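Please open the model in a viewer and keep the selection tool at hand.

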Amino acid sequence: MLLNRLRSALGSAPDPEDRPAPSRAEWALVLAWMAALLAVVLTRPDDQGLLRGAQDAGAWAEHRNRADIAWRFFSQSESLTPWLAGSDASYPPGLHAVSTLLGALVGHGGVAVLRVQVLWSLLLASAGAGLAWRLGGWRAALAAGAVVLGLPACLGASTVYHYDLLSISLVCAGVAVLAAGQDRWGPLSGGVAGALFGGACLVKWSAPFFGVPLVAGALLLPLAPGRRSPALRVVSAVACGAVALWVVDSFLGLTSTSFDNMLQLSYGGAGMGAPGGVGDALAATREALANAHAEERPPREWFERWLLPFRFVTSTAGPLLFGFLLLGGARWLLADRRGAALQLVATPLLWFVLLAVIDKPDDRWLLALLPTAGVAVGLAWSTLGPRSRALWAVLWMGSSLWVAWDFHHAQRAHPHAEHWYRTYDLPDHFTWAGLGSDSIMDKGSGWLRRDHSGPRVWLPQREAVWERLMAEEPARVLVMDPGIQELLEPTWWDFRNFVQALEDGGPLRWIAQLDGQHYSGDLREGVMVVVAPEGAEPPWQHAGVPLENLCRAAAFPGPEPESVHAVLWAPCP
């Protein structure tokens with residue numbers, strides 16, 4: 001009997017347009033919940049939450065790269081092709097390019113760009129909604145989108161300026177377009193999906209690892225009754241692959257820097273070595289994967305890899321919301337099974353990629369599982385009666401709001417000591433945060449609970465120093481003691497320098513340190529100011545250049561109350 005039901009689920013699907021639409025009350029409830037959920041995330045404190053490592057150079061590296069790319073595009077007026085090629089570095093330039101264009105609307109500052117990243121979370125939720133619409137109509141789509149958006153990893157990933165959320169969101173959006181239009185619009189839906197897949201690759205080269213399993217599941221979905229010939233599905237798939245390959249091939253013909261970097265760092269491969277095409281990239285990838293899997297993996301890596309299902313429960317969903325996923329999945333399995341091809345093909349293939357193929361396992365990869373999980377729950381919810389749907393919706397929305405508040409705003413006295421957060425001296429990453437969501441394994445590039453974030457140390461002081469320095473309109477700034485560079489940390493300085501130049505069209509001001517690093521040019525060019533520790537007095541010399549006629553202009557507070565951390569010396573009036 002189960003086999004017959006499965007065949008039925010794989011063989012035909014109801015037209016989503018024939019399904020009942022959500023009522024106005026259901027739309028209003030979901031929209032109000034979305035507004036509340038976004039407010040919880042967007043009101044997280046800036047430098048303690050979004051810019052949680054404000055005192056650390058690593059936290060500003062990607063912001064610095066983005067601001068540099070934006071400065072070259074808007075201030076140096078580089079044309080598109082050399083701009084893209086010159087922006088290819090450790091990662092492809094897709095994220096920075098999109099953020100550059102959005103920065104023209106919202107500003108190029110770190111907080112402004114981070115706030116905009118909720119758009120990628122909404123795109124991921126929309127992908128889940130699109131897949132559910134294809135299988136169950138608007139009511140299932142509304143529920144699936146709410147499930148994906150309510151899972152803490154979806155919006156949590158938007159609080160970090162990193163590549164995975166946008167890349168995976170574009171992949172899932174492409175799958176949704178392909179699934180919704182493959183038996184309706186044929187090559188048009190395939191072409192749009194291919195463009196989204198190609199764009200995902202230009203954000204991060206790991207995109208095909210997630211795209212192939214999801215596309216395989218989407219192509220096996222049943223045709224809607226009364227639609228055109230099934231041949232449209234083949235045409236759609238061919239168009240999708242052709243456009244995606246054209247986008248990637250065109251980019252690799254310009255530069256292979258980020259692709260080579262990915263193979264070298266992740267798999268120890270030699271890479272392409274020079275711009276080429278998709279064929280060269282596939283050959284280099286095949287060789288790198290063969291060499292990587294021939295080597296014996298250390299036990300710790302295997303432990304972290306097989307810990308991913310546990311991390312899905314504790315970090316991606318959180319134990320409380322994972323309970324809803326279990327109940328919804330059980331309801332789907334027992335009473336629905338629409339979209340069985342997607343769940344039984346795409347989801348196992350994704351887990352195979354996560355557990356056996358992709359390098360450096362981390363919670364970030366689990367974002368690719370959110371749309372399929374949302375689809376199952378959304379379809380199951382749409383089969384309930386009105387009272388059961390209302391009760392389920394209220395419980396889900398209230399629980400997801402509590403989990404979001406706990407993650408983004410709760411301040412626990414000591415996370416490892418309270419009963420809510422238990423480690424029991426177990427191995428790294430075998431942790432959880434009670435019923436709420438835990439921080440990611442790779443805390444340098446993933447979402448963190450607020451009580452795991454760094455303290456508010458240097459960002460407010462840095463802005464005050466910057467504003468005072470700019471009042472002198474210097475061409476050069478000399479830091480006389482590396483011990484005070486927390487105020488003028490070089491990576492942050494570069495980022496702030498580019499942002500200022502973008503805002504007012506002025507020149508870049510360079511910072512020099514005693515050891516001569518991070519500096520080029522002649523100190524005698526333009527106005528020079530000096531930042532020195534309290535107690536240091538001129539005259540000074542640097543690189544054989546005497547620094548004279550400087551007067552004390554301002555004092556900048558240090559981390560302790562009433563302390564003076566540094567003094568600004570500027571040309572005497």
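**Stop 1: a loop residue**

Select Arg337, which sits in the loop between helix H18 (319–335) and H19; helices (H or I, at least four residues) and strands (E, at least two) are DSSP runs, numbered from the N terminus. The model is predicted, so local features need pLDDT of at least 70 and side-chain atom pairs count only at pLDDT 80 or more, whereas totals for chains, interfaces and linings use all residues. Residues are numbered from 1 along each chain as its sequence is written, and side-chain values use heavy atoms, with hydrogens and water left out.

The phi of Arg337 is near 70°, a positive value in a residue other than glycine. Most residues other than glycine have a negative phi. Arg337 counts as buried because its relative accessibility is 7%; buried means under 20% relative accessible area, exposed over 50%, and partly exposed in between (1.4 Å probe, protein chains only).

**Stop 2: the whole protein**

Of its 573 residues, 55% are buried. Among contacts (heavy atoms within 4.5 Å) with a separation of 6 or more, 76% are between residues 24 or more positions apart.

**Stop 3: the nonpolar cores**

Select Trp205 and Phe210. These residues have the most contacts inside the largest nonpolar core, which has 110 residues. A nonpolar core is a set of buried Ala, Val, Leu, Ile, Met, Phe, Trp, Tyr and Cys residues joined through side-chain atoms within 4.5 Å. Helix H8 (residues 118–150) gives the most to this core, with 16 residues.

Now display the surroundings of Trp205. Leaving aside neighbours within four places in sequence, Trp205 is in contact with Pro92, Val248, Phe251, Leu252, Ser258, Phe259 and Met262. A second, separate core of 27 residues includes Trp60, Met470, Leu502 and Phe556.

**Stop 4: helix H13**

Select residues 231–252, which form helix H13. The 22 residues of H13 should span 32 Å at 1.5 Å a residue, and its end C-alpha atoms are 32 Å apart, which agrees; the expected span is 1.5 Å times one less than the number of residues. Buried residues in H13 include Leu232, Arg233, Ser236, Ala239, Cys240 and Ala244. Val247, Val248, Phe251 and Leu252 of H13 are buried as well. An α-helix has 3.6 residues a turn, so residues three or four places apart point the same way.

**Stop 5: the largest pocket**

Which residues lie nearest the centre of the largest pocket? Select Cys201, Pro208, Val212, Leu245 and Leu282, which hold that position among its 32 lining residues. About 900 Å³ of space lies in this pocket, where a volume is the space filled by probe spheres set on grid points joined across faces, edges and corners. On a 1 Å grid over the protein atoms alone, a pocket is an open set of points where a 1.4 Å probe fits, with protein on both sides within 12 Å along at least five of seven lines; lining residues have an atom within 4 Å of a point. H12 gives the most to the lining, with 8 residues. Elements that each supply at least two lining residues include helix H10 (164–181), H13 and helix H19 (340–357).

**Stop 6: helix H6**

Select residues 94–106, helix H6. Its buried residues are Gly94, Leu95, His96, Ala97, Ser99, Thr100 and Gly103. They pack against helix H4 (61–74), helix H5 (80–87), helix H7 (110–116), H8 and H10. Just after H6, Gly107 takes a positive phi of about 105°.

**Stop 7**

Select Gly328 in helix H18. Gly328 is buried, with a relative accessible area of 2%. Gly328 and Ala376 are 48 residues apart in sequence, yet 6.8 Å apart in space, C-alpha to C-alpha.

Finish with Arg496 in helix H23 (residues 490–504). Is Arg496 buried or exposed? Arg496 is buried, with a relative accessible area of 9%. Not counting residues up to four places away in sequence, Arg496 touches Glu463, Trp466, Glu467 and Glu503.
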